[in-house]
Amino acid sequence: MKYLFLLIIIFFIVPAVLLAQDNDLQLARQYTLSGEQQKASDIYQRLYKQDSETYYSLYVDNLISLKKLEEAESITKKMMRKHPEENQYTIMLGKIFTEQGQADKATSVYDDLLKKLPATPGGISALATQFYQAENSDLAIKILQKGRKQLGNEQLFAMELISLYRFKRDKAGLTEEYLNFLPGNPMYINQAQNTMATLFEGSTDYDLLRVALLKRLQKDPQQMVYSNLLTWQYLQQKEYDQALNQALALNRRQTGNNGTDIFELCQTLVANEAYDTAIRGFEYLVSKFTRTDELYIPSKIELVNTKSLKITTGKYLPADLLSLEKDYTELLNEFGRTPSTAFAMQKLANLQAFKLHKLNDAQRLLEEAVKITSLRPQLLSGCKLDLGDVYLMNGQPWEATLTYSQVEKAYPGTSMAQDANYRNAKLAYYTGDFKYAKGQLSVLKAATSQLIANDALNLSLLIGDNLVTDTAGNALKIYARADLQIFKEEPEKALITLDSIDKKYPGNPLKDDILMAKARILMQQKNYIAAVEQLKQIVAEHQTELWADDAVYMLGTIYEDQLNDREAAKSYFQKIITDYPGSIWIGNARKHFRILRGDKPDSSS
């Protein structure tokens with residue numbers, strides 16, 4: 001009976017006590033958050049008296065916050081006498097001495113702990129963790145470093161030290177620790193790069209890494225992890241030539257290297273628009289390998305693709321066009337004209353048509369490409385659409401419309417069909433058949449592709465607005481001819497044609513359209529300063545017309561990407577947000593504005 005009575009007490013009373021303590025603890029935390037430290041202290045004191053081990057740290061932290069340092073010291077010494085083997089109380093005593101301004105006493109307490117470090121890695125790591133939890137990361141580092149020496153192993157505690165250096169933002173310490181750690185653990189190089197990229201803030205930090213790496217490489221030039229890290233460092237600094245030179249030097253020193261590192265580096269260089277450096281890397285791989293090697297064909301293809309990208313972005317010399325044409329021709333001669341090389345036929349034809357103006361050569365090449373059996377539907381339709389464009393530029397509009405229509409019928413309801421339909425509408429516009437063009441464009445305004453739908457809407461409005469005052473569309477026909485010349489990349493002819501409109505039809509309603517066309521030509525020629533003047537005139541004089549929001553957005557992108565004027569770019573993106581909330585560019589404008597304002601990716605405007 002006696003034991004049953006005890007069980008009843010334990011069963012009912014102990015949980016009630018625990019529940020009361022938990023409620024008190026929640027109330028104390030609420031007081032702390034609301035700044036009522038004394039009320040919290042009263043509760044913590046009561047809980048401490050009930051269970052000193054459980055509530056000691058909460059109570060002593062509260063006493064320190066209230067500057068009741070003597071009381072904190074007293075209960076800490078009491079706990080030290082009660083639990084002499086527990087280091088947490090000694091560490092807390094040192095913290096209290098520091099709060100009291102008695103640095104010498106704190107140092108003495110900590111030195112005693114350092115003199116009698118645990119004899120095992122686990123014990124040393126645990127002690128360091130206690131110092132870190134007590135907000136003393138410096139001593140945590142000191143303990144781990146001394147523990148290494150005591151145990152005679154300089155590789156111990158590497159990850160703990162890396163974490164502490166990262167927490168302290170000690171870039172020099174982090175760098176040296178990683179450089180000690182990585183040779184024996186090269187699989188952690190990506191982690192090291194990600195950590196450094198997060199912590200480093202500019203060229204000074206990366207220079208620190210470079211100096212440290214070069215010192216290490218002088219002593220150990222064969223250490224691959226240092227060479228790879230140095231290559232990465234050059235990439236972060238956008239020193240692309242140096243990055244490739246370092247990677248090539250390492251590649252030449254290694255026997256049996258299959259070149260994957262160089263290939264991947266070149267892909268990174270392409271992504272960073274370092275085309276000349278990437279071309280040099282791909283040329284090295286092509287010269288190093290034979291046709292039977294795994295990377296030979298991919299390297300050759302990427303070489304011509306990179307040269308093509310260089311041309312596309314306008315960062316080329318006239319001689320580069322002929323060099324690229326030669327490379328494509330050699331590629332096709334070497335590997336034949338097959339489904340695997342049809343992409344090269346398409347790109348070569350585009351080069352010949354738009355850059356070299358060899359329309360007959362481009363036409364023959366695409367006519368050959370579309371006859372190749374087993375082409376992927378996307379590639380086949382792309383080649384046919386390009387062939388239609390070449391027919392149009394080569395004065396064969398009937399062949400062009402037939403070719404566009406083949407794609408439209410072959411892939412009904414798809415984005416390819418909508419693209420073909422839009423090109424047919426533009427063909428009608430170019431040739432002056434505005435009624436047919438407008439009918440096609442009306443359908444395309446509901447296209448699933450937002451870009452096609454927007455372009456269709458703009459062209460439909462251009463035609464409709466101008467036929468109101470000029471039902472014969474005489475001025476619009478000249479403008480359409482200039483538009484075709486822009487498409488054919490004949491800027492000089494287009495400018496002459498545009499200038500003739502006002503002379504022949506003064507007072508025509510195409511003022512803003514002509515300004516936009518000239519801006520597009522000037523951008524095509526990379527004359528961004530002159531393009532800005534045309535666009536600003538649209539914004540100033542035609543702020544409610546068709547091209548107003550396009551002009552504002554284009555000004556933002558030119559100032560951001562080409563003229564490196566972030567404030568001007570930000571003002572134009574903000575203008576889209578405030579003045580043109582219904583613009584198709586509103587989403588992109590918000591994104592650019594937030595980046596230029598310095599917002600984090602998840603920030604709202």
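Is F282 buried or exposed? F282 has a relative accessibility of 0%, so F282 counts as buried. The legends below describe close-up views of a predicted model.

**View 1. Helix α6 and its neighbours.** Helix α6 covers residues 103–115, 13 residues in total. From the first C-alpha to the last, α6 reaches 18 Å, close to the 18 Å expected at 1.5 Å a residue. Its buried residues are A106, V109, Y110, L113 and L114. Viewed down the axis of α6, these buried residues fall within an arc of 140°, so they line one face of the helix. An α-helix has 3.6 residues a turn, so residues three or four places apart point the same way. The exposed residues D104 and K115 sit on the face of α6 turned away from the buried side.

**View 2. The aromatic pair Y132 and F167.** In the whole structure, a search finds 13 aromatic pairs. In one of them, the ring centres of Y132 and F167 are 5.3 Å apart and the planes lie at 85°, so the pair is edge-to-face. Y132 belongs to helix α7 and F167 to helix α9 (residues 158–168), and the pair links distant parts of the chain, 35 residues apart. Y132 is partly exposed, because its relative accessibility is 38%. F167, at 51% relative accessibility, counts as exposed.

**View 3. The aromatic pair F263 and F282.** The rings of F263 and F282 form an edge-to-face pair, with 5.7 Å centre to centre and 70° between the planes. This pair also links distant parts of the chain: F263 lies in helix α15 (residues 260–271) and F282 in helix α16 (residues 275–288), 19 residues apart. F263 is buried, with a relative accessible area of 11%. F282 is buried as well, at 0% relative accessibility.

**View 4. An aromatic cluster.** One aromatic cluster is formed by F354, Y429, Y430, F434 and F487. F487 is also among the residues closest to the centre of the largest pocket, shown in the next view.

**View 5. The largest pocket.** The volume of the largest pocket is about 1800 Å³. The pocket is lined by 46 residues, of which K426, I486, F487, R520 and Q524 are the closest to its centre. Helix α25 (residues 450–469) gives the most to this lining, with seven residues.

Terms used: Residues numbered from 1 in each chain as written. Predicted model: local features only at pLDDT ≥ 70, side-chain atom pairs only at ≥ 80, totals over all residues. Heavy atoms only, no water. Helix = DSSP H or I, 4+ residues; strand = E, 2+ residues; numbered from the N terminus. Expected span 1.5 Å × (residues − 1). Buried < 20%, exposed > 50% of the residue type's maximum accessible area, 1.4 Å probe, protein only. Arc of directions from axis to C-beta. Phe/Tyr/Trp six-rings, centres within 6.5 Å; stacked < 30°, edge-to-face > 60°. 1 Å grid on protein atoms, 1.4 Å probe; cavity = no way out; pocket = protein on both sides within 12 Å on 5 of 7 lines; lining within 4 Å. Points joined across faces, edges and corners; volume = space filled by probe spheres on them.
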